[in-house]
Each structure stands twice: as structure tokens, then as C-alpha cells.
Amino acid sequence: MNPKLLTFALEAIGRRGGKNAAVGIIFALLVALLASVLLTSRSLQSEVEKTLSALPDITVQKLQGGRQGLIESDRVYAIETIPGVTWARERVWGYYYFQNAGVNFTLVGLDFFLPAYEESLNAAIRNFDIATWMDRDFMIVGEGVERTLHANYYKEYFNFILPDGAMKKVELAGTFAAGTALQSSDTILLPVTLARTLLNAPEGLATDITVAVANPEEVAMVATKISRLYPDTRVITKTDLAGSYQNLFDYKGGLFLSLFITALASFFILLLDKSGMGLAERREIGILRALGWRMEEVIRLKLLESGIVAFTAYLLGIFIALGYVFMLQAPGIVALFEGYSVLKPAFELPVVIDLSLLGLIFLATVPLYMAAVIFPAWRAATIDADEVMR
Amino acid sequence: MNKPRLLAAFILILIASIMAQLVYLKLKASAQEETQPAKEAAVRLTGLPDLALSTEARFVRHRSLADISTILSEGGSLPEYFPSAHLYAVSPQAHASGVIRHEP
């Protein structure tokens, strides 16, 4: 690149400093808005994807009259006879509405004495020793549940209201480890028998059945066999979950994008109409042409000028977005993802800097800006120098 | 300092700031990685998918396990009542036809 042309372009930007700064700041804010929304949704999406491997390979639900109903526990034995199945387990879980706080808790029944859970219990739960809780009604709660209970003066126990209206006192035995709020904030782990009582799930029935398959290649085949064995079931595989995670925000990301495109379109129309090519700029092009500059040289200069403004604004926008999302935790945008929930998890957005996303934002904004500036410059450069200066 | 130099200095400072920011975020990402085993263990215990980010509606809280009836059981017109329903796409297997594997 010709360094003199670069100096000339920098000087030209400086001559119209006020206008370039105003356009640059609006452009940077638009880039920051788009990047913030996309980085936040990408960050949340990566959070669900990272724990996909810990989920069961297959979940079997029973459909009854179009709704999910309780499934017979003894189906576990038939499912375990399907070749390729490592284990099948009944699962009892559901929701409990705590009216005082207006929040939904997710109750999950767990066989705490199953050796398979020992390692996970040690890794995920703080201050918990199963030996001290034998034959007692206890629960392990997520960070959000603990906060809600404390706010309602339940420090050591909680009184659940049973389906028949009676009270059930359950002691607080431990909490999920810090940093797992996005996975466990609303969760209450209970012994299976207690979960059955609270959720009114009689012995012999379960909420759903989870299945582990040794060979990932065989999951689809096993799922088909389960469907054939029990045609009234809905079988969800890990591949389905991966697909579900993939489009977590696709439709809504599109919603943001359409809003952004509207804002961007208005910006460029404004740019073209009002400040794209002022009288002084046209005169400058006329003078350059009169001094013997060729049209491509004028266009190269304008490209360089607009490129510097757009690239600087893009960098500024990305700088703002990264700081806003990963340092300030995207206030405002995260609230959109939380909705009306009273039980908001205390979490930190996982840092995910997706270069392809940043590249996409670059391609969607910078060339458009440059085109919006180049077109009027090219028009001015094609007119006779004498006419332009007059 | 004249304007071109000032502008060039601003661009260089901006690039340096982004570099510093990226280094900081990289360190932060490494620190966050340390909680990954606990997260996986929590998911392994419950076996339930999705984030506890929005708990207002069941079809949003456990959207991957929800079917179209779960959505409608909140009330035919209620789904769009929840702001989070505008943000989270309905799970592709919510419509049972794609999931129940009946073969002729």
C-alpha cells in the first residue's frame, strides 16, 4: 500500500472528524448490539452442549392421551434384554410449585446408595455425607432453591405440601457446588421414596426410563427396538437432544437478526441520504480529478478512508461487546433469556469467542458500509471535474 | 499531535486493548473450565437436559424433553405469554411424529 495515500486518507478522515466520529460511533454501537446478542446466545448454547456427554443415551416417556403419563417401572427389565443396552433405570422427577415465592422447583428422585452415583455426588455436591443421612428425609438443593428457601426463613429444612394437603418436613442436607447454577439452580435431589411421596408417583410407576447404550452407533437401533416393543412411548435419543440444543436460539437468533437488519438498513439509508457525500467531499473529488487523479485512484482513496472508519468502528464495537458480555455479564440481554422467572440462577456467562461469528459480523457490516460510501464517490468521480467544482 | 497521528494512535491503542481483553478472557475461560467436572456430575445425577436459566414454563425449562402437549398444557394461548417462549425455539422433537419410530 502507498504510505502517502494512507497518510492522505487519514488526513481526509481528520478533516471531517466530527462527521466521521459520529458515523463511526453509531456504526460501532450497531456492531456492539449485534455482537452482544449473538455472543450471549452462543455462550449459553455452548453451556448446554458441553454437558451433553453426561446425559443418558435414551430417554423413554410414555404418552397417554397425547400427554406424558407415568410409565410402568417393570418395562426396565424388558428394555435391558435388548442387545446393546448397558443399563436401563426408572426415573422419578417432576415439578413442585412453591407458592410463597411463586417459583417452580424441579424435584428429582435419586438412589443415593447406588455406587454409580458416588463419584458424581462427590464432584457435584458440597458438604454432604450420605452416612449421616440414613433413614432421614433429606434433600440436596441447587443454589437458587437455597436462596429462595433462605429468603422464606427455611434455613435447615423445608415443609413440602403433599398432594393430600398434609405437610412433609424435609431437612436440607447439602447444596450443589458453586458454578453449577445453570444446570442445578432450581433442582432438588431427594431419595426416590420421598420423591414418590411428594410427586404422588406410586410404586411400580415412574416418570420416565433412561437407558445407556454401550456403542453410540447402536443408539438409533436400540431406540427403534424400544419404540416397537412399546408403541405408546416417545423415545428421545442423545442425537435428538444434540439437535434440540443446536436450534436452541435459531429461530429467535433470527428474530434479533431481523431487528438488527432493520436498524442497519435505516443506518445505511441515512448514510447515503444525508452524509454519504457532502458538497465539500464532492468538490474535493473534483479537485483531485482536476489535478490529474484517475478515477480508480479516487475510488482507492475513498475505499481506504471508509475502510479505516468502518474497521475502527468494527473493532470498537467488538471491544464493547466482549466487555459487555463477558466482563459485565450482559445486563439487559441476559434478562431477555431469563424471562419472567423469579428463580434466576447466579451464574457467569461462559467465555466463548467464536471467531467465525465475529467474521460473520465483519462481513455483514464493514463491506456494506464501504459500499454505501463508495457508490456516491464513484458517481462524483464520473462527473466532469469542472462541473463538480462548480 | 496532528489529527492523522491521533487517529493512528487511537487505532493502535484499540488493537492493543482488544489483545489485552482477549488474553484476560482466555484466562477467565481457563478458570471456568475448572468447574466443568462439577457441571457434568450435576447433569449425570439428574440426567435432565437444558439450562435452569428460565424456569417459568416447563416447556422452556426442559424443552428438549417437552412435547407439543406439554406446551399446550400450559393453556392454548399461554405459550406466547411467557417472554422466554419468544427466545427459545421449540425443540425439534416436540412434534412426536418425528420421534416415535414406527416402521411398517
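Predicted model: local features only at pLDDT ≥ 70, side-chain atom pairs only at ≥ 80, totals over all residues.
Setting aside its neighbours within four places in sequence, A:Gly14 is in contact with B:Lys3, B:Pro4 and B:Leu7. Colour chain A by secondary structure and you will find A:Gly14 in helix H1, which covers residues 3-15.

Now widen the selection to the whole contact between the chains. Chain A contributes 83 residues and chain B contributes 60 residues. On the chain A side, the largest share comes from helix H12 (residues 295-327), with eight residues. Colour that side by residue type and it splits into 43 nonpolar, 28 polar and 12 charged residues.

Next, hide chain B and go inside chain A. Select A:Ile58, A:Leu107, A:Ala124, A:Met139, A:Ala195 and A:Val211: these have the most contacts inside the largest nonpolar core, which has 79 residues. Centre the view on A:Ala195 and show what surrounds it: A:Ala195 touches A:Val92, A:Leu107, A:Val108, A:Gly109 and A:Leu190, leaving out residues up to four places away in sequence. A second, separate core has 44 residues, among them A:Ala28, A:Ile308, A:Ala313 and A:Ile318.

For the next stop, pick strand S9 of chain A, residues 157-161. Show its side chains and compare the faces: A:Phe158 and A:Phe160 are on the covered face, whereas A:Tyr157, A:Asn159 and A:Ile161 are on the uncovered one. Across the pair, A:Phe158 stands opposite A:Val170 of S10. The two strands form a hairpin with five residues between them. Click on A:Gly165 in the turn, where phi is positive at about 95°.

Finish at helix H9 of chain A, residues 238-246. Which of its residues are buried? They are A:Asp240, A:Leu241, A:Ser244 and A:Tyr245. Turn the view to look down the axis of H9: the buried residues fall within an arc of 140°, so they line one face of the helix. The spacing has a simple background: an α-helix has 3.6 residues a turn, so residues three or four places apart point the same way. To see what covers the buried residues of H9, show chain A elements including helix H2 (17-50) and strand S14 (233-237).

How values were computed: Residues numbered from 1 in each chain as written. Chains lettered and ligands numbered in written order. Core = buried A, V, L, I, M, F, W, Y, C linked by C-beta atoms within 7 Å. Buried ≥ 20, exposed ≤ 12 C-beta atoms within 10 Å, placed from the backbone. Contact = placed C-beta atoms within 7 Å. Helix = DSSP H or I, 4+ residues; strand = E, 2+ residues; numbered from the N terminus. Pairing = 2+ DSSP bridges. Arc of directions from axis to C-beta. Nonpolar A, V, L, I, M, F, W, Y, C, P; charged D, E, K, R; others polar.
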